[in-house]
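Please study the sequence and the structure shown below.

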Amino acid sequence: MTWPEGLDPRLAAAGRKLGIAALYTHQARAVEAALRGENVVLATGTASGKTLGYILPLLNTLLHDPAATALLLFPTKALAHDQIAALEQWIGVLQAPLNLRPYDGDTPERHRAAIRNEARILVSNPDMLHLGILPHHTRWMRFFSGLRYIVLDELHTYRGIFGSHVANVLRRARRVARFYGAEPRFISASATIANARELAEAVWEDPVMAIEEDGAPYGQRHVIFYNPPLLNPTLGLRASATDEAIKLALKLLHAGVQTIIFARARMTVELLLRALRERAARAGFAPETIQGYRGGYLPPERRAIERSLREGKTRVVVATNALELGIDIGALDASILVGYPGTIAATRQQMGRAGRRAGASLSVLIATPSPLDQYLISHPEYFFGRSPEVARVNPDMLSLLAGHLTCAAFELPFERDEPFGKAQNIGALLESLSAEDVLHAQNGRYTWIGETYPAQAISLRSATPDNVVIQSTEGPAIGIVDRPSAPTLVHEGAVYLHGGEMYLIESLDWEQGIALARPAELDYYTIATATTQVERLNVRRTLGVLNATPQLTDEEVRVHTQAVAYRRVQQGTHETLGWDEINLPEQVMETEAFRLTLPTTLVEELAEAGIMLAPLDYGPAWPQIRETILARDGQRCRVCGATAQPGHPLEVHHLTGLRTFLAQYPRQEALRLAHAPENLLTVCPTCHRQLERACGARTALSGLAYLLRNLAPVFLMCDPGDLGTTVEARDAESGLPAVIVFDGVPGGAGLSPHIIELWPSLLAAASERVQTCPCADGCPACVGPAGESEPGAKAAARQLLERMAKDDFWKASPL
C-alpha cells in the first residue's frame, strides 16, 4: 500500500531512504486512524512492523507543532532502549530537531534536568511514570502542556495485577495532563490476543479503534510438537525435556542455524546454558557463542548479549520470556520452547522470534512431563484451533484504587465530585481515606498529608517495592531478585546460577536486602521447600451445600508462606544429597482463591473404597511426645471435648500426616516436623476415626490439587506459576477435607474465581489425564511423581474424580 494521505511527505521520503518502499495495509490503517484523532490499538502478528503504526503519527504531529510532545511507555527498559534505536534512525534521516530522550531508573541524575527541559519524545516505562514523573509533574510542566500522544507498547503484557496498576497510572497521567491543558490521544501495539480492543478500552477508558487484520508477508514456518520418549511406562518417566532441547540445539548449532531456546524458569535457563556450553566446548565451539538471557542480569550485560545476537556472534541464546517481547535481536532461524509457556499468545510470541524476516523457520515445542504439557500434546487442536487468550484488568480493585487515589491526591488536590477514570463511588472512598488520616479533607478538597510521596509504597509488579541485590564476594553486584522470591532462591546455602556460572549464597541480610554470593564449582544445585496456609477473609460466591455436596467457593483470602528447608540435588543423577533448614520471615499476601470442600458422605465413600492409610512407625520418641500433648490438652479431645473412657483412651492425631513429610524430607527431619506441637491434636477414638478418613481424602485431594494447578491454566488462559495450591485434611474453615487454588499475586488477578464456572470442563480434563496416563502410582504427567506425591495418590484421585463426576450438583446451578 502507498503512504497514507495526510502524512508529511518528509516521512515518506525518510521511509524510502530507510528501505521502506510502502506501508503494509495494517500500518497504513493505524496511521490514518491516528491522524484522524482516533485512539488506536494495532494487534497483529510478531514481526509485522507494528512500531511504524505509532512512530509515524507522532513524528508527523511533532514536525507540524513545535510545542507538541509524546510519551512512549514500554513494559521493560530493554525494549525501550531497543525502540530508541529505531526512532533515532528516523530522526537522523529527517534531520529534524525532535529531541528524543530516555528516562528510566538507569538515567543518570545529572542528565535528568536537561531531559525535563528538552525532551519532545520521552521514552520510559510505567514504573518510572508512576514513581519518577507524576509525583514531580511541576518540573515537567512544559512536557505535559504539549502532550499529544501516550503510546503503550506490548499491550498484551498489561493484564492482571500489573495491567490494573498501569490503568490507574494512566488515569493519573491524563489527570495531570488536563491540569496543564492537554488531552493526549492513545496509540497501542499488541500481540494477537482475543480482546485487544476491550483491553485497550479498559486501560484507556475511552473508545479505541482496533486494527487486527495483518497485512505483513511471512515466510514458511515449520511447527513441531514433540513429546520426549517414554522411558519407564510404570513410573510414567519420559526423557528430560531439557536434555532433548540440548540435543536439538547442538544439531542446529552444527548446522549453522541461529537458535533461541525459551525456558520457563531462571534455574532452567542457567542449567541449560551450563550444559550446552560444556557439550558445545567438546565439539570445538567457543563458550561465548552460547549466551543466557533472563531477568536478574544487569543492563550492560543484557545490552551486550542483544548486540551479539544482532551481529550473529551469539549462535544460541537460552532465555526466559524476557526475550519474548519485541526486542531487536536480529533474524533468528529456529526457536525451541522447553515446555508450554502458559498461553497461546506467549507461545506464538516465542515461536515468532524465529523467522522474523522472509524465509523458512523452525519452531519446536518440547513437552515437559507436567499435566498441562501432556494435555496439550494430546490435544494440539487447542493450540492450532483456538483463538488466543482474553487479557483482563480490574483497575477498580479496592486495594489498588485506594493506593492510586492517594498518589493522585499528592499530585493534585482532589475535589469531592471529581471523576477518576470510570471508577465508581470515588467520593465515599476519599472520605474513608480522610477518616483514616491518610488524606486531609477541607471544603470538599482532599490533599495528601504524609511526609513522603505515596507512590514509593506502591509497586506496580510485585507484593513489595524492593528487591534483593546479589553481591559477589569477588566484585560488583551480579544480579537482583524480587523479595518474595528471595527466600527460596537466595537463602543461605542456596546455589545461585548466573550466566552459566555457579555461586554459593553465603548469607542473606533480609533487612538490608543483600545476598552475598561466592563463586564456586559445585556438583549439585538446590531446591527449596515452603509451607503454605490459607486463611479465609470473605466468601463471595458459593456453589453446593456444605457437607451435603462438594462445595465450591470463590473467596478473598490471606496466604501465609514460609520457606522451611532446602535440598541439595546431584547434577546429572538428580539424586538428593542432603537437607538443611531455612530461617527467614514468613511472607503474607491477600489474594483471591477457589476452595473445593468435600462432604462427610464422600469421605465415607472413599474410606469404604479402601482409600485409607496403613499405620506408620512414629519413631522411638513418640510415646513421650504423645504424653506431652495429652497433658498440654488437659486430657480432653480438642474436637468434641470428651475425656478418656475405659477401654477407649485418648489419642494424638497429626494435622499434617507423617506421610506428607516423608514424601519431601529424610526420615529424621520428617519426624521432627511432623511431631511439632502445633501439628499435634488430642482426640477421642470417634473423632480420630473421622480425621483419619479425612486423611484418606487428603491423599485423593493431593493428587487432585496437582492436576488442578497444572490443568487450570488451559481453561483460565494463564501461566501455571500464576496459581498456588494447598490441601487440608481438616480445613480450619469447615473441619472437612479441602483443596484451595489461589492467585499468586497480591490482590488477585481474577483467575481462581473463574474455576467455579469452569469446574465441569476442568473435572473432565482431570479425569481424562488420570485415566489415560500409563503410570502405575503417579507420575509428573498426572498426580505428581511417585515418591513425591502421597502414596496411593493416583488411585485415590481416580476414585475421587469418579465419585465427583457422578455428583451433578453443579448442573442444576447457574454456572
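H22 itself covers residues 667-674, and its buried residues are Glu669, Ala670, Leu671, Leu673 and Ala674. It should be kept in mind that the model discussed here is predicted.

Other helices can be considered in pairs. Two packed helices are described by the angle between their axes and the distance between the axes. Helix H8 and helix H9 (residues 196-204) pack at an angle of about 50 degrees, and their axes are 8 Å apart. The two helices, H8 and H9, are therefore oblique to each other. On the side of H8, Ala167, Leu170 and Arg174 take part, and they meet Ala202, Val203 and Trp204 in H9.

A second pair consists of helix H16 (residues 398-411) and helix H17 (residues 426-435), with an angle of about 75 degrees and axes 11 Å apart. Because of this angle, H16 is roughly perpendicular to H17. H16 contributes Leu398, Leu401, Ala402, Leu405 and Thr406 to the contact, while H17 contributes Ile426, Leu429, Leu430 and Leu433.

Is glycine 163 buried or exposed? Its relative accessibility is 0%, so glycine 163 counts as buried. When its neighbours within four places in sequence are left aside, glycine 163 is in contact with Tyr158 and Val393. The fold also brings glycine 163 to a C-alpha to C-alpha distance of 8.5 Å from leucine 460, although the two are 297 residues apart in sequence.

Charged residues form another part of the picture. Side chains of opposite charge can pair when their charged atoms come close. In the whole structure, a search finds 40 salt bridges. In one of them, the side chains of arginine 172 and glutamate 411 meet with an N to O distance of 2.6 Å. Since arginine 172 lies in helix H8 and glutamate 411 in helix H16, this pair ties together parts that are 239 residues apart in sequence. Arginine 172 counts as buried, because its relative accessibility is 0%. Glutamate 411, at 7% relative accessibility, likewise counts as buried.

Another salt bridge joins glutamate 555 and arginine 536, whose closest N and O atoms are 2.8 Å apart. Glutamate 555 belongs to strand E25 (residues 551-570) and arginine 536 to strand E24 (residues 524-543), so that the pair, 19 residues apart, links distant parts of the chain. Glutamate 555 is buried, with a relative accessible area of 0%, whereas arginine 536 is partly exposed at 25%.

A further salt bridge is formed by the side chains of glutamate 311 and lysine 313, at 3.3 Å from N to O. Here glutamate 311 counts as partly exposed, at 47% relative accessibility, and lysine 313 is exposed, with a relative accessible area of 56%. Salt bridges can also be joined into a network, as they are for Arg540, Arg541, Asp554, Glu556, Glu592 and Glu757.

Most residues other than glycine have a negative phi, and most peptide bonds are trans. Glutamate 154 is not a glycine, yet it has a positive phi of about 55 degrees. This residue, glutamate 154, lies in the loop between strand E5 (147-152) and H8. With a relative accessibility of 8%, glutamate 154 counts as buried. Asparagine 425, also not a glycine, has a positive phi of about 55 degrees. Asparagine 425 is placed in the loop between strand E16 (414-415) and H17. What is the relative accessible area of asparagine 425? The value is 63%, so asparagine 425 is exposed.

The last stop is on the surface. There, Leu231, Leu235 and Leu237 form a nonpolar patch, with about 280 Å² of accessible area together. Leucine 235 sits in the loop between strand E9 (230-232) and strand E10 (237-238). Its relative accessible area is 38%, and leucine 235 is therefore partly exposed.

Definitions and conventions: Residues are numbered from 1 along each chain as its sequence is written. This is a predicted model: local features need pLDDT of at least 70, side-chain atom pairs count only at pLDDT 80 or more; totals for chains, interfaces and linings use all residues. Side-chain values use heavy atoms; hydrogens and water are left out. Patches are made of residues with over 30% relative accessible area and no salt bridge: like charges are joined within 9 Å, nonpolar side chains (Val, Leu, Ile, Met, Phe, Trp, Tyr) within 5 Å. Accessible areas come from the Shrake-Rupley method with a 1.4 Å probe; for residues, only the protein chains shown count as cover. A salt bridge is a side-chain nitrogen of Lys or Arg within 4 Å of a carboxyl oxygen of Asp or Glu. Helices (H or I, at least four residues) and strands (E, at least two) are DSSP runs, numbered from the N terminus. Buried means under 20% relative accessible area, exposed over 50%, partly exposed in between (1.4 Å probe, protein chains only). Axes are lines fitted to C-alpha atoms, for helices over the stretch in contact, and angles run from 0 to 180 degrees between N-to-C directions. Angles under 35 degrees count as roughly parallel, over 145 as roughly antiparallel, 65 to 115 as roughly perpendicular and the rest as oblique. Contact means heavy atoms within 4.5 Å.
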